[in-house]
Amino acid sequence: MSALDTFRSETRSWLEENCPAAMRTPPEKTDTVWGGRRSTFPNEDAKIWLERCVEKGFTAPEWPTEYGGAGLSREEVRVLRSEMKALRCRPPIFNYGLLMLAPVLLEYGTDEQKAEHLPPIARGEIRWCQGYSEPGAGSDLAGLQCRAVRDGDEIVVNGQKIWTSDADVSDWIFCLVRTNTEVPKHDGISFLLFDMESKGVSVSPIPLISGASPFCQTFFDDVRVPARHLIGKENGGWTIAKRLLQHEREMLSESTAGARPTQKKTLVDVARESLEVPEGPLTDGVLRDELAQLYMDRLCYSATLERSRDQALAGIGPGPETSMFKLYLSELGQRNSDWRHRVVGARGLGWDGDGFDDEELQTTREWLYGKASTILGGTSEIQLNIIAKRVLGLPD
Amino acid sequence: MSEASSLVLTEEQQLIQETTRDFVADQCSVDSLRQLREKREDAGFDRALWKQLAELGWTGIIIPEEYGGAELGLAELGVVLEELGRKLAITPLISTLVAGAGCLVRAGSDEHKAAILPAVCEGDLLLALACQETARHDPYSVSTTARKDGDGFVIDGAKTLVLDGAAADRFIVVARTSGDSGERSGLSLFLVDANETGLSRKPTFLIDSRTCADLTLSGVRVDSGALIGALGAGADILDPVLDSVAASLSAEMLGGVLDTFERTVQFLKDREQFGVKIGSFQGLKHRAARWFCEVELSKSIVLKTLRALDSNDVQAPELSAACKARLSDTFRYSGEEGIQMHGGIGVTDEEDIGFYMKRARVSELLFGDASFHRDRFASLQSF
């Protein structure tokens, strides 16, 4: 038996023994455990599951053990993932600190910074939000104006961020700030961390076309931040910012937005109900054709994800295909929720109140909320620019 | 996960790819296709090229070792087809190997296999599947009949778009032994010699310089040994063989997609207008980037489908449908985008890009276009 086989069987036994039965069912959206100072759990099992994973280092299996990881190799992480998938174990925790900030801290942080910030992320104690976009800096992110000025051992921040997901429930922020206004825009940006409980921070949620949303406007008024929370060099933040965006795209490529349905009923179920065709071919030939196309495109997309993972395992890549994931998945997700919403017809036109069940209302809200997916995390047009430049090598 | 199911080429597949790539660089080009077009030979392909493929071992690549083949899978054949497809090379690999030999390996008698397969491996014998009768691919729409007559059968009917039918030495003829056209049951497969009395063929020269044939069968008499598989259950053979054909053809189409895409991106980097490279215009950049996504998805579904067919995965039929639908759409789209981005030169006969668009249209319609395969996919998924 190879070392990897031994690891596989040990991991399987550990998971079977430690993952509560309730954590082996498909999660609803509201079941996500985000962690943080104000962490809530959908139930006691979710709490137990997180605690056990933390103890084992399985919330961040690839990190070194000194930072709360399990110190696993790439192959071992893959085995762990496949065993978790086989047993249908839910991820113990999901948050932006773990998926976006931590990888750049590991790459660019000092030993002190890693020691200070990584263990609380691994333990799910601190929830992070992302201070990137501003009202005047969306696609042109490097044009950001949020000002930071050094004052002795501190940095004083003034300005505004927008689309800060979950800012109202987060503990710390990783924030892009302008530390030099005299140089080309990319060369005057710094990457700064600070506590959202600092004096001068205020947050206001933004209602979207779909109603309440996780997005917020975030204001900084003379927020004083210890200078040791600067990651990388002062004015050298753009490189780190871009690397973090790569991790964000990766996170968005694997989210459940389009490839896997978040709702209980499949698209076929919805169509059968709405068209009143309990069996046999769907009677609306155009809808049937569109549905086949959607399912086929999903198949092609998941085969591409699979190919990319197999390549990584074989030590190839990441190949150029990864740059299309965020673009394609967000558009696929939109087509998915648009189709679902059209098919339910009148049942999808209600906003709230009686007369529409929860699933119908959710269908409507998801269709509307989905419109954000091709804008957030870099618009589709920005993704196309990136592919044209970095993958195809087309000239400026 | 086993190496075979991984969506990365194995060492052996990489070797096959390199060998074929060198061979194609040496022997195949759009210029050789132009020459073939001018010659308008009945065979429809270059027999010398076929002999060379036999020497490489490719004409027996998926045939069992006991009959002289390499006994590799569709995944390996797909690598060969993709490379040949890049330069639009015309070979009877799909008609003879995947369709013809595919039927025999699956359901042929020992006598059939021993008599035919070794000669196929040597490159000395060509097969073709005579299935289609209607203008659009519809494998169960078969009106050709095979009537029991004494110890054998008498076949009457007509076939169209028989791929490589002009050069084939033997046909596998799909005929109805019971039921009505459109029904899945009642189909039977017969091995018929091309020189059989009562069989006549007429070559049809297609827009992509490929040759098919129309067949007329009138009172063609075959003995009972000509039957492949069980009487009336021909669809049980035909369905999986057509899945393999669709997926193999998709692999060949992928080669065309890749070449069209790469040569067009290069054109965007070379061509100047308004004093700059046209690839610097965002209107073209975004189109090229969208095209790139479709190409990547196509690569993945071809790899996935060929591996699923090789391992008899239960998902193989729906993957085959998804694969042929995707490649039909993407190859057509690639031809259209390629020509539009080339501008005026793109619509001239002098520029190669037009040959790709023509091949795309023929490949799209052979063995079912995207519309056909979406319908098949939906039926397989029970909606």
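## Nonpolar cores

A nonpolar core is a set of buried Ala, Val, Leu, Ile, Met, Phe, Trp, Tyr and Cys residues joined through C-beta atoms within 7 Å. The model discussed here is predicted. Its largest nonpolar core has 147 residues. The members that touch the most others are B:A130, B:I172, B:V173, B:F190, B:A288 and B:A322. Helix α7(B) gives the most to this core, with 16 residues. A second core is separate and holds 61 residues. It includes A:A60, A:V104, A:W128 and A:V157.

## Overall form of chain B

Chain B has 11 helices and 10 strands. Its radius of gyration is 21 Å, close to the 21 Å that the globule rule gives for 383 residues, so chain B is as compact as a globular protein of that length. The C-alpha trace spans about 80 × 50 × 45 Å along its principal axes.

Of the 383 residues of chain B, 54% count as buried. Consider the contacts in chain B with a separation of 6 or more: 74% of them come from residues 24 or more positions apart.

## Domains of chain B

Chain B is divided into domain 1 (3–125), domain 2 (128–233) and domain 3 (236–380). The centres of domain 1 and domain 2 of chain B, taken over C-alpha atoms, are separated by 23 Å. At their boundary, 23 residues of domain 1 are in contact with 19 residues of domain 2.

Which elements give two or more residues to the domain 1 side of this contact? They are α2 (30–39), α5 (93–107) and α6 (110–122) of chain B. The largest share, eight residues, comes from α5(B). By type, the domain 1 side divides into 12 nonpolar, seven polar and four charged residues.

Strands β2 (residues 145–149) and β3 (residues 152–163) of chain B pair in the antiparallel sense over five bridges. They form a hairpin with two residues between them. In the turn, B:G150 has a positive phi of about 60 degrees.

On its other pairing, β3(B) runs antiparallel to strand β7 (residues 211–223) of chain B, joined by nine bridges. B:I155 takes part in both pairings. In β7(B), the bridge partner of B:I155 is B:V220. In a regular strand the side chains alternate between the two faces of the sheet.

## Where the chains meet

Across the interface, 30 residues of chain B are in contact with 35 residues of chain A. On the chain B side, α7 (234–270), α8 (282–310), α9 (316–342) and α11 (370–380) each supply at least two residues. The largest share, 13 residues, comes from α8(B). By type, the chain B side holds 16 nonpolar, six polar and eight charged residues.

## Domains of chain A

Chain A is divided into domain 1 (3–93), domain 2 (128–235) and domain 3 (255–391). The C-alpha centres of domain 2 and domain 3 of chain A lie 32 Å apart. Six residues of domain 2 are in contact with eight residues of domain 3. The domain 2 side of this contact has three nonpolar residues, three polar and no charged.

## Selected residues

B:F281 lies in the loop between β10 (276–277) and α8 of chain B. Is B:F281 buried, partly exposed or exposed? It counts as partly exposed, because 16 C-beta neighbours fall inside 10 Å, while a buried residue needs 20 or more. B:F281 and B:L268 are 13 residues apart in sequence and 9.4 Å apart in space, C-alpha to C-alpha.

Two residues other than glycine have a positive phi. Phi of A:D222 is near 50 degrees. This residue is found in strand β7 (residues 216–226) of chain A. A:D222 counts as exposed, because it has 10 C-beta neighbours inside 10 Å. B:N312 has a positive phi of about 50 degrees. Its place is in the loop between α8 and α9 of chain B. B:N312 is exposed, with 8 other C-beta atoms within 10 Å. The cut-off for exposed is 12 or fewer.

Conventions:
Residues numbered from 1 in each chain as written. Chains lettered and ligands numbered in written order. Predicted model: local features only at pLDDT ≥ 70, side-chain atom pairs only at ≥ 80, totals over all residues. Pairing = 2+ DSSP bridges. Helix = DSSP H or I, 4+ residues; strand = E, 2+ residues; numbered from the N terminus. Contact = placed C-beta atoms within 7 Å. Nonpolar A, V, L, I, M, F, W, Y, C, P; charged D, E, K, R; others polar. Domains from an automatic or database assignment. Rg over C-alpha atoms; globule rule 2.2 N^0.38 Å.
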